Structure formats: C-alpha cells, structure tokens
Amino acid sequence: MPGRRVRARAVLTWIAGLGLLAAACNGQIESGADEASAGPPAYGDTFIQASIGDIGGLIPSLTSDQSSHEVGGMIYDGLVKLDKDLNMVPAMAESWTYSTDCLDLTFRLRRDIKWHDGYPFNADDVVFTYQAMVNPKTPAPFKEGFLLVKSVDAPDPYTVHVHYDKPYARAVETWGTYILPKHLLQSFVDAGTMRESPQNSQPVGTGPYRFQEWKPGEKVVLVANPDYYEGRPYLSRVVYRVIPSQATIFLELKAKGVDYVSTLTGIQYARQTEYPAFRKAYHKFRYPASDYTFIGFNLKDPRFADRRVRQAFAYAINKQELIDGVRLGLAREATGPIRPGTWAYTDKVARFDFDPTKARELLAEAGWKDRDGDGVLEDKDGKPFTVTIRTNQGNDERKKIAEIVQQRLKEIGIKVDIQLIEWAAFIKEFVKPRRFELVVLGLGTGTDPDQFVVWHSSQRGPDQMNRTGYANPEVDALLEAGRSSCVQSERVRYYHRIQEILAEDLPMIFLYNRDALPVVAARIHGVSPSPSGILYNFNEWYVPKAQQRYTSG
Amino acid sequence: MAAVAGSARRGEIRQFWRTFSRNQLAMCGGAVVAVLVFLAVTAPLLAPWDPNRPDTKKILTPPSSSHWFGTDPLGRDVLSRVLYGSRISLSVGFVSVGIAAAIGMLMGAAAGYYGGMVDNVVMRMVDLMLVFPRFFLLLAVLAFLKPSIWTIMTVIGLTGWMGVARLVRAEFLTLREREFVIWSESVGAGAPRIIFRHILPNAIAPILVAMTLGIPAAILTEAGLSFLGLGVQPPYATWGNILNDGRDYIEIAWWLTLYPGLAILITVLSYNLMGEGIRDALDPRLRQSRLGRIVRLGR
Amino acid sequence: MALFALRRLLLSIPLLIGITFVSYVVIGLAPGGPLDFLTPEDPNASPEVKERLIKEFGLDKPIHVQYWQWLKRAVRLDFGRSFLPDGRPVSAKIAERLPVTLFLNLIELAIIVGLAVPIGVLSATRQYSLYDKITTIFVFVGFATPDFWLALLLMILFGVQLGWLPISGLRSLNWEYLSFWRQQWDFFAHLVLPIVVATFGGLAGFSRYMRQSMLEVVRQDYVQTARAKGLSERAVISKHALRNALLPVVTILALALPGLIGGSVIIESIFAIPGMGQLMVQSVFSRDYPVVMGNLVIVASLTLVANLVADITYALVDPRIRFGGRRGRA
C-alpha cells in the first residue's frame, strides 16, 4: 500500500521506472547476498543516487528533464499513484468516483496532510494547481491533460470536483501530478514568474521527503518528512549526486560511491558486474522497462510511401541480432507501441521476421533492382537507393542499432549513411520539420494505452508527436473512440485493432522493449521487484542499524 | 641572381641535414612518421577484416590470433579499425594544418608587406582569435554544424592560423628592408611577385617548424573532439572514437583503450621529436630573429 | 611607458565589444534553439508554450536589437537569466564555478612552472646529455598522451582497482561529518587525480619552452662576456642567463591566464568537477545563450587583462622596449 507515486508521462527513453510483466515472468534478483542476516527495519542512513544531469529546477511541473522529475517525485505528491501492479491507487486522495457518463470525477481528499512548512493541505491547493497549469503565463511543458478539463471546483475543503466536456480516458492519471502549494505560489502564478519564485529554490511539497539543499552542478539533498501521511520513510536522507558522465557513474558504482543506478547497460549487466566483490556489495534486478525502441520512416518520402518498401526493410532487419548486439540479449522483440502484459496488448499481429530474400523480392516488386551490378539498388530512372539514418548523439544503444542496421541494409543493396546529431539540433533541424528519412528513437509506453498524440492524423504538426506523418482514417477513428471511452472492455477492442493495423502498415519498425537493469546496494533491504519495477515502495526501504554507512539521523 | 640564391639554398639544406641527422631522437621520430604514413596509405591492403562490419557473436573478445587487437563492442576487428583510423587522423592532421598555414601565410604576408592599416586590422584579428580559448571555440562551432571530417578539418584550421600569421609577418618586417626587395620594387615588380618569390621562401623554415609541430596538436584535438562525440560519423573509425567506444568497458576490454591510445601517443611523439629536431637544426637561423619565441607550442 | 600602457588599454575596449558581438551572432545562427531543450520528445509537451518562450526571451526580435539590449545589461555585469528551467541568474552560475576552475588551474600552473623551470634549465645547460635525452623523452611522452586516456587509466588503477583515491567530484558525500583534518585530506585526495592528469601534459610544453629560451640566452654575447670575466658557471647561469630566459616565461604565464578561466573541459567532465569548463559544454549543448555569452565575456575580459599585464611586465623588464622603438612584440 505505501509506495512512491510515479509520474507516468516521462518519456525520456532511459527511464526504467515501470514495467509490466506477463503472468509467467517476475523480476529476478540476480545476485546472492544474504537477506537472512538482515535485522529489523531501522530509521537512518543516507541513500546516494547518481544523476547524469543537474536538475532543471525544483518545480517539476515546469521542467522536462528526468532528474528534476525524479527529485520532484520525492518532494511533491499527487492525488493518485500507481501501485506495484500498475493499478491506480489513492495517494493524497482517499477515494474517487467517476460518473457513469465519464464526465465527472470527484476526489475525496485525506484530511491529515500538511505541507512541509506546516500549512495544512486542502482542496484549494488542488484547484490552484489546475489553474496554475492552464494559465497561459505558466511555461509548463505537459499541460495537455489539464487543458482538456472543463472546470474544477472545491465544494468543501476536502472534496474536489472535476468536470470534463468529453470523456477522457486518462483523466484520473492526470491528477497524479505534482500538487503545488497555493499559499506560496499564488502571486507568482498570477504574475507569470513561477521560475523566479522561492519555490524554485526552496520547494515546499507534501511528499515523503523534504528539500534540504541544492548545490547546483553538484548535488541535491533531501531529508525524510517525519509528518508524511503514510509514515516517515526509513531512509533518512536521499542525495542525488550530479555526475555528468555515464562512464563515471558506473565507476562510482564500482567504487561504492553511489547506492543506486536506475539501469545498467546490457554489457555492464552481463559482463562488468559479475565479479565477487560487486555481487557482495550490490543486488542486480531485471524487469521489462516501459519503453520501446524503433526505426521511424518519414512517410512524406515517396520511397517510403510504398508499404512494400517499409515491409522490405523490416524483413531485412534481424531484431534478435539487434537485441544480442545492443542489449546482450536483455530485451524482447517489440511488435507495437503498447506495453506487453497490459490489458490492451496483443501480439497476434503480422510479423516480418528476418528474411533478406523476401526483402529483395518486395523491393523488386516496388521497382528497385540492381540494374548496373554495383551492389546498390536503383529505381527505374537509375537513381540509387541511399538513405541516411539519423539519431541523437550521446546514446550508445541507438548508435549501435544504426550501425548494425546499416550493415544489414547494405546486404540487400541499400546504401546507408549515419548521422549522429546533438539532441536539440536533431529535434529542431530534422525531426520537427520532417527533414529526415529514417530515425532511431524511443518512446515510452506509459500506463494508459492511449496513443492519440503519436498516431492521429491531426498530430502531424511540427510541434506534435506524430513524427512519421502517419494518417490512416480507420486508425484515427479507433484512437478517438479509445480515448473517449472509460469502459475497459470497449477500449480493448479498439486497441487490439490498432495494433493489428500498425503492424501491417509499419509506419515505424518496432524493434524491442528493453529490460530495466537496476542496481541497489546490498545493505538496503526491502527491495522487491514487481510489475511496476522496484521504486514503488521506496519509502519502505531500510538499512539495518548495524549496516548503516552514512550516519546522519 | 637566381643562381647565387639557388646554391646558397642548397648549402643551407646540406647544413640543415647535417645538424638534423646528428639528433638521434629526431631521426627516430622521422622514421616512425614515415612508417605511419606508409601504414595509413596501405591500410586497405593490410587490414585483415572489414573495419565496419559488426558481428554480434564476437562482442568484446580479447586479442587472439585471428584478431590481434581484439574486437570492439560491435564485434569489429580493432586492428583494422586502428589502421583505417590512422588515415583519418593523419589526414586531419595534414589538411587542417595546411589550411591554417595557408590562411596564416596570407594574413601575415598582407600585414607585413602592406603595413599600416592592413597590419592593424590583421593584428587585431589575431588578437581577437587568440582571446577565445581554442577548445571552447571548437566546441561551440562544431555543436552547430553538421559533423563531418571536412567540418572538423576546416574548423581546426580556422582556429590555428594565428601562429603562422605572426611568424610570417615578423619575417616580412625584417626582410622588407633588405636590399633585394628595394631593388625589386624599384624595378617595378608587383607586390604578389615580391611576396611569393622573394620573401616567403625565406620564411619557409620557421613556417615548416610551426606546421610540423601543429600536426600533432591537430591530431590530439581531433582525438579529443571524437572522444566527446563530435568527430566523424559512425561507423568510420578514428583513434579518438575507438577510444570513445571503449571508454565504458575499460576494465574488461583494455585492448580498446590501449591500442588507439598508444597509436596516438606514438604518432604525436614522433612528430614532436621530428619537429623539435627540425627546429634545433634551423637554430642558427633562429638566433638572428626572435622567431623562436613566437613558434607556438600550444595544444 | 605610461603612454604605452594607456594605448594598450584603449585598444582593448573595442576588442572586447568585437568579441561579444561576434560570439552573439555565431550562437544566434545555430540551428538548434534553446526552446527545443525545454520541450523535448514527449507526446504531451504543449506547443503554445514555445510561443510564450519566444516572447519571453525576445528571440523573435532581430539579432542586433537583442544584442544591444544584452550589451547594455552586460556592462553592469547583469547577464540575464539562464534559459534553462531553473532560471537562475547567469552571473550566479558563473560565480559559483569560477573559483573552482581558478583554484584548480592555479595549483596546476604553480606545479607546472615549479617543475618546468628546473627541468628546462637543466636540460639547456646539459644539452644533448643523457639527462637531457631522458627528460626530453619523458616530457614528450607527457605532451603526446591524450589527457582523457590518462585520466581513464588512472581512474581505473587508483580509484577502482586499488581504491586509494576518489574519482569524481571535489568532496565525499559525508564531508560535513568528517573531522577538520579528515576534511582537508579528503579535499586533497579528490584533487590528486585531476591535477596529475592536467599537469602531466602541460609540463612538456613549459619545460621545452624553458629549455628553448635558456638555450637562446646562453648563446648570447653577454653570457659569453660573463664567462670571460671569470664568473663561475653557476653565477653565470643564475645571475645573468636565467633572468633573461625567464622573460618569455612571464609572457607565457600571462597567456596561460585565460586558460585558468576556460577550464579544461575534458578533465572537468571526466572527473565531474563543477567548474567553468563543464558549464561551458553544458550551456553550449543546450543552447543556453545567456550563460554562453556570460562565460565568453568573462574569459575575454580576463584574457585582455592578462595580455595587458604581460605586455606591461615585458616592457618593464626588457629595456629594449622601454626605451622606445616600435619593435615591441613581434
């Protein structure tokens, strides 16, 4: 029951917070430290986590970087959260009810919650948070869910009533976001100066940890909130150390300078953490993460408008080879954008398993043959088939995917160049204006299967997420229906059909769903893998008195 | 006139060689450089494997009889990649220094010959460029441009011409007053002719030193840029990006770090020794002007 | 003399302005703007936010207008606020990193000079001896070694295998809880690896330079004269030759001053040191214009000051310049 609320919308592809397992497979503990000599739960000790980027600020509603959301998730709280089986459960709300027409949502709030500065929490804060998010002066990146709300009001201090125009499947999920303190931020929101408010450097929230200090570029320190409504967390201090290099983070891990890494790479997990000293000092875990990696086509490119070409590319690629080469086997082949193991998932869809001969055949059908014997296919005008695969710099996995795919495509006669571009420039110069041919990217699978923003034809604008430019009226209708229903049995049908169509049409080649590979220091007890990962019960992790390393109290 | 100049030059060259060959270290350096250039040129013939072909069954295997330098994280042969990498590293070295020298010569010549306003403008530009920390400038520019080998070569060249410009300008200032220039001018020879046929050849010596010492600097800079991820695009190998690939596996795959690092070390070392030897052998000339001080040593 | 100094000072001002303007234009031409960092790949990032941010930061005005506004504030050392969501003042960000970089590089410089001078002098006085050859090789190897390579090797050896030294940051996490002496030791231990890596390479350049300078001086006439006068070799070297050979060292030191500010990008990244170099990289990659500009101005100003100091010192010390002639520095 107690647990850590996670913000379900973070999409940076190296998030490893949530995962759902098919019934058969649970997370595995990979090392053999002795749990028996544990000792009873005790308060104390410090938990040190590495963060590759400094936080962008202490009001996570205004930021989009992963670090500030991790930190924010500790300091702030939402009305609901996800439990270990990925069900939506109460957090600051005790309960909620949904009207049968799916238009009205009523939350009953707990009465025993206080802000970190002692001020009592009530419905006014919730209403205020909504108003702050939809206020045009607020530079918040993720407003979408709130913009769909018609009205919010608080009939009494512990009840919040939300009204929607149209049924919105993700309504409840929206309210899992960070609730902001009205008494401290009202004036800043009105003036549009939230970023300059003291809240952005000395935040006050209702979460399990209180802010203590932020040394920019170095660390963020949080201390346990003794008044947390679910009970004080055992670990007294949480420290995020900013270490901007993956290599250094890993070295620090080996040198026992950090207690937790959210995910190892495949090679690190399989080859670099197998020695006795490491296995004694750390536990490794493995469970399916909540994202998928894909190769996206630009459907505006006339060559890719022909479905046979896309399918030929799919035949040319050996997904298992990618999994072996890039993840050392620690991933599963993906067939679509929906998270395996969730209620909306189906794998009964078309498959294009590795078959270069079929690839060549399809391409020939589409008019691509090697007419001059130089090993490269040409169309009927003699133009050779050359493509550029682009992806962002700094991501080793995607780079390796590009290199392996380059080689495979070369074998069926397609000449490939690779471009690694710095993230901001990549997005602005290539992805948004659709000036690409193929991209290697990842997307999160989220908890709700709604895929509207990624596949609907209305979402093809430069600042929207339908990057491939996919437009299929049948899929559009299904997306709309799925989104505006709140009846699961109905939605299942829609999403199954969507997956079937996408697997056939292939606007992108879905490569794999990787496994999250977190590592936790062995002295920390209470870690127990579940479909949602390991962090759901962070507040219950403890270090027995005898093994505490950083005495602080 | 020309004949006299010619034999004087030949005498200088012989003198130079005599001093240079007495310097064992410099000779070693020169020999290694020759070998490296040879290896780079014949790399396609020498490399045992396709340097760009991944093989996911051979990820990170240690050196063995079939893979003398082991394999990289995608199963590619490291020896072949180092050999091919030498081509890129060396061409970046040569071309970027060539660009820098070309720009420097033009700028320095203009400043030294015309003097006055032109000189002022050029020297302000030199000061301007020197004020930017080089690596920062490179980072800033490269982050904005499409990464490719030509971009890197050009940018390194564009940020390294100042030393040569100063050298050339100083040479001009000294030589401008010499008789043969005055004579040429009075006879009506045009500025370019004077610059190129009379003055520049005399300035060649220190410029050569600067260039030779600039090559290892350029190679190190390219390695650093590749290491940060700003170098040539995959799958092409350069020493810097092999190091970058191996950076995360250093304790289980020492070969990925050792061999390209050694390659850089040996190359840079040899060029430096050779360059120093050249400079020492030219010493008698340098004693007369203060050019020795101006030759840049920077990274 | 004073005229000389004044003239140099006046020349510096337009240079400074030129620098800032050029940088501003270059950065403005960059393809990726700062907005893309704030609202990255996410299905729910709101589009109209971009519009707001453009208005807020004035990115839609023509570049010379933006620049002029920026310049007016920069003169007062107000560099605006960072484009990143934390919105902190640029001067604050720089101020907290500058001391770190300065401190590290000053130590590094002191060690380098302290070692390079004796090495170089000895090399010059014993030119071509075995000592000279060995030091030459050693120093050259240092110069040829890529610093990131060395850094990784040392980190593995001392940090992980032997566990003797810490490998990132400037202090341990539990620093506040250590006794005073242990705190000092801890800080020192964190500095060892970065400084070793940084000095290893720099040593080569300086000691070679010292050697070169010494060599030239030793052949000068006045040194021969001193010898002819019967002075001991040691007196000749230390009293006459050394002083003059040190002149260019002074110049080099002054030119190295801006390096103090810029910081070593690679070393700071590998060792996670929160200095200027790291800030530079981060802000360039995220197109954080105000921070980049602020950084640049500081570096440029300090370089110009350093140049000025170097020129004046050189002029003071070298009588040839002091007493006229436009020969100055070539």
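Predicted model: local features only at pLDDT ≥ 70, side-chain atom pairs only at ≥ 80, totals over all residues.
Residues are numbered from 1 along each chain as its sequence is written, and chains are lettered from A and ligands numbered from 1 in the order in which they are written.

**Helix pair.** I looked up H11 (residues 319-327) and H13 (residues 396-411) of chain A, which pack at about 135° with their axes 10 Å apart; helices here are DSSP runs of H or I with at least four residues, and strands are E runs of at least two, numbered from the N terminus. Axes are lines fitted to C-alpha atoms, for helices over the stretch in contact, and angles run from 0 to 180 degrees between N-to-C directions. H11(A) is therefore oblique to H13(A), the class left after under 35 degrees (roughly parallel), over 145 (roughly antiparallel) and 65 to 115 (roughly perpendicular). I noted Glu321(A), Leu322(A), Gly325(A) and Val326(A) of H11(A) in contact with Glu397(A), Lys400(A), Ile401(A) and Ile404(A) of H13(A), contact meaning C-beta atoms, placed from the backbone, within 7 Å.

**Helix H2 of chain A.** I found eight-place detail here: among the buried residues are Phe128(A), Tyr130(A) and Met133(A), buried meaning 20 or more other C-beta atoms within 10 Å, exposed 12 or fewer, and partly exposed in between. Their cover includes strand E6 (104-109) and helix H5 (182-191) of chain A.

**Leu36(B).** This residue lies in helix H2 (residues 24-46) of chain B and counts as partly exposed because it has 18 C-beta neighbours inside 10 Å.

Note on methods
Contact = placed C-beta atoms within 7 Å.
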